[in-house]
Amino acid sequence: MNKVTAASQHEAVQGLIGKPDLLTVEEAKAMTLPRMTELFTRHLNPGQLHFMKLLGFHKVKIDRAEGMFYYDQNGRAILDFFGGFGSLAFGHNHPRIVGARKKFQDEQRQEIAIAFMSQYASALAHNLAACSPGDLDMVFLGSSGSEAMEAAIKVAERAAGPKKPKIVYAENSFHGKTKGVLSITDGGLYRGEFKLVENTVRVPFGDIDAVESAFRSDPEIGVTVLETIQGGGGIIQAPKEYWQKLRALCDQYGVLWVADEVQCGFGRSGRFYAFEHTGVVPDVTALAKSLGGGKAAVGAMIARREVYMKAYGTPKTAMIHAMATFGGIGEACVTSIEAMNILYDEHLIDNAAATGDYLLQKLEDLKVKYPTMIKDVRGKGLMVGLEFHDFSKTVPMVLRPVLAVLDDKLKGSLPGFIGSHLLRDHGVLVAFTEYNRNVIRLEPPLICGREHVDAFIKALDDVLSRGIVRIVKDFVKAQVK
């Protein structure tokens, strides 16, 4: 009997689906900037590329990343003071996190095992409960901040009950872009023309009288959702007394308080949760960003047991909002478990507090040095906002009336120019904010040391020392090249 070769078997089978023109992993790694630009424009987001080109970010191809630094196609180190909007508490490729993931893979442990209980999801839920104050101890695991916040408002709305369906949220809030939380995200750009839920009440952030007035006048309000520190709003905080009064009002009027800690939580403020600075505890909270250790997409909702059980505590209601396919996925949970241990083993929460204070003081010194440019310095831990004056305030007095009429159109220009120069001339990456475009957002990894702060401050000082005219000229010159 003749042996049939694989090739002849293949030829004998008719109608096989042909392989499309797919790129390999190695081809993706070796891709040139022109090719990246072509594919980004064709398949991803051509409008976003416009802003990348304005800032000069389109000229950078990241080859690798380690610790506090990216490394580009030329081997140049880029100091990361952006931190992926707070997603990189451990820096890039922390060796313990990489090691935990590799061991998980090498031992061929289960990744998706939806039919069974997961030891990894169970352990992560335990760790989250152990780190959470009060009786915040029931956990829902997801894959993003938006998903965690969707879970948070759903558990709160169900626990509040059908007679109290309305949700209070704040001006300049950002809770995510999925459709449910988009209804409590206060941004016209993101809301677009989507049809959103209408059971919401908007109040100014930090105005406790407005909250009390809303609670008193509308008995249908059952939930209030607030970022403990507003990120997209420009790193905005409310005083401790606000949160204490909010807690009292929620208890008085039977309203559940949801604290959005997706960006400000997980040690960034110098405590595990930013609300821990206030001395009071919410009914529901949410984490994401650095919960994934910079290597996995993980989000979590953590609720008081009483709240959770009201919403989903019976066999009949248990599956209303159970974990989705990738909620509690094995390697992602292992990544988060290792990350939480590192957070405490390496005292990164304490470092965030100490290094954050150092960064704020150094920025305050620059504010004194450049009073016509820097308007305000604010933040908590390693979540810092550097606000610049409107453009008209940065020029000589005689020119201010002329430029003042353009201030609104020019908002964000100066931070953009400065961010562009920092990257191009000093290899420093910073971020910006959604609503107050005059703010540079600084959220470096929690492994950030004083030496990194000093390098950043030196670079920023150099750029600001050029003065507004040269900053603009240098930016324009870079666009022409």
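Select strand 4 (136-142) and helix 14 (330-345): each supplies at least two residues of the lining of the second largest cavity. Helices (H or I, at least four residues) and strands (E, at least two) are DSSP runs, numbered from the N terminus. A cavity is a set of points, on a 1 Å grid over the protein atoms alone, where a 1.4 Å probe fits but cannot get out, and lining residues have an atom within 4 Å of a point.

The model is predicted: local features need pLDDT of at least 70, side-chain atom pairs count only at pLDDT 80 or more, and totals for chains, interfaces and linings use all residues. Residues are numbered from 1 along each chain as its sequence is written, and side-chain values use heavy atoms, with hydrogens and water left out.

The space inside is about 30 Å³, where a volume is the space filled by probe spheres set on the grid points, joined across faces, edges and corners.

Now move to the largest cavity, of about 40 Å³. Select its lining: His 389, Asp 390, Phe 391, Leu 410, Lys 411, Gly 412, Ser 413, Leu 414 and Asn 438.

Two strands pair if DSSP finds at least two bridges between them. Strand 3 (residues 77-80) and strand 15 are parallel, over 2 bridges; Leu 79 has Val 428 in strand 15 as its bridge partner.

Note on methods
1 Å grid on protein atoms, 1.4 Å probe; cavity = no way out; pocket = protein on both sides within 12 Å on 5 of 7 lines; lining within 4 Å.
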